[in-house]
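This report covers the cavities and pockets of one protein model and the residues that line them.

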Amino acid sequence: MIRVSKSVIGQAEQEAVRSVLSQGFLGTGPETQMFEQELGNYLGGDSEVMCVSTGTAALQLGLQACGIGAGDEVLVPTLTFVASFQAISATGAAPVGCDVRDDDGLLDLSDAAHRLTPRTKAIMPVHYASHVGDLDAVYEFAQRHGLRVIEDAAHAFGCTHRGRKIGSFGDVVCFSFDGIKNITSGEGGAVVTCDRSVAQFVQDARLLGVERDTERRYRRERSWDFDVQEQGWRYHMSDLLASIGRTQLKRFDAEFRPKRVALARRYRELLARQTQVRLFASDIGDVVPHIQPIRVGGGKRDGVRAKLEESGVQTGIHYKPNHLLTKFRVEGARPFPVAETIYGEILTLPLHPDLGLADVDEIACLVDQAIKSLP
Ligand SMILES: *Cc1c(COP(=O)(O)O)cnc(C)c1O
């Protein structure tokens with residue numbers, strides 16, 4: 001079975017974990033601090049990096065650090081992982097789903113403009129399939145309407161926009177290092193920001209709101225006489241997981257990035273010839289693709305999916321639009337015609353660094369055959 005996505009973990013990660021295990025400190029500490037420094041160096045710019053337990057936690061804390069909570073509304077594309085919506089609702093704010101653009105599946109600002117209310121406080125662009133689109137337009141829109149920008153960059157680690165790395169600029173940028181993302185720490189995430197007050201909030205909030213506990217834990221000390229002023233969570237990163245993340249970061253530019261880019265290029269080259277397949281717009285090269293979604297027209301998506309499964313090729317559907325989920329359905333909301341059309345056509349093909357170009361050739365060929373065999 002060819003898996004749709006997969007963690008690529010080797011000897012180096014195992015040795016890194018063994019080394020932390022042998023030191024007898026598993027909590028957050030020097031290893032996490034080094035991961036943060038190395039991420040900061042990698043991204044460049046003056047941003048501060050705060051590692052946390054998951055990408056979802058990063059989004060939640062990023063929002064809360066901007067003062068977003070009960071009574072507020074946050075604009076977010078409906079075509080995203082439910083994590084984006086849950087992170088917003090975890091703060092007490094309401095996620096306001098927006099329709100997406102037909103060509104790349106990203107948040108449609110002209111649709112978002114219709115969903116603004118006096119309660120709108122932030123916008124969460126999602127870098128779907130690692131493509132950031134016209135991010136400058138998102139920031140202009142935010143500035144015009146007085147909104148904070150919390151980027152869901154879970155798919156976009158290592159991507160660049162106009163020559164600058166995602167995370168090296170912007171308001172608040174959140175990454176995920178879960179098992180299948182561009183780099184993994186097992187589970188994990190990071191909040192990246194140049195805003196000192198956001199950084200300070202996240203540092204304390206991830207450790208139960210214990211003031212300046214981060215500094216002490218990084219020296220392997222504990223706070224015994226401390227104050228707490230805000231609600232906090234146990235959202236810090238373990239040194240055990242940071243050691244996996246540090247190893248993955250070292251492998252990223254040499255192995256994972258070129259592999260993902262080459263595989264995506266090959267898919268695009270082969271599938272561009274197939275008239276019933278549409279590809280999302282993407283600047284491959286600037287983009288290091290986390291997933292490879294395609295659109296299959298003519299009502300053939302489910303048939304193609306079944307044929308691939310029969311041939312041992314696993315596929316995915318990224319994503320079921322969130323406005324169709326019971327928790328996030330809003331009575332009388334403006335419709336989402338584009339997201340619903342895309343939902344009926346999307347199919348995610350396998351993409352991970354353990355695949356070879358020959359696998360891509362075979363999968364593209366299967367897609368082709370499946371389309372031809374379907375009525
Ligand atoms: C993976 C992902 C997240 C959440 O990250 P976790 O680390 O799994 O919590 C958020 N948004 C999107 C679009 C994702 O793909």
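## Pockets and cavities

Strand 3 (residues 94–98) supplies the largest share of the lining of the largest pocket, four residues. The model is predicted: local features need pLDDT of at least 70 and side-chain atom pairs count only at pLDDT 80 or more, while totals for chains, interfaces and linings use all residues. Residues are numbered from 1 along each chain as its sequence is written, and side-chain values use heavy atoms, with hydrogens and water left out.

On a 1 Å grid over the protein atoms alone, a pocket is an open set of points with protein on both sides within 12 Å along at least five of seven lines, a cavity is a set where a 1.4 Å probe fits but cannot get out, and lining residues have an atom within 4 Å of a point. Helices (H or I, at least four residues) and strands (E, at least two) are DSSP runs, numbered from the N terminus.

The largest pocket holds about 260 Å³ of space. Its 17 lining residues include Gly-97, Arg-115, Val-330, Ala-333 and Phe-336, the closest to its centre.

In the second largest pocket, helix 3 gives the most to the lining, with three residues.

The structure holds three cavities of 30 Å³ or more. Among the 14 residues lining the largest cavity, Ala-129, Arg-268, Phe-280, Ser-282 and Pro-293 are the closest to its centre. Helix 9 (239–271) and strand 11 (292–296) each supply at least two residues of this lining.

| Space | Volume |
|---|---|
| Second largest pocket | about 210 Å³ |
| Largest cavity | about 100 Å³ |
| Second largest cavity | about 70 Å³ |

A volume is the space filled by probe spheres set on the points, with grid points joined across faces, edges and corners.
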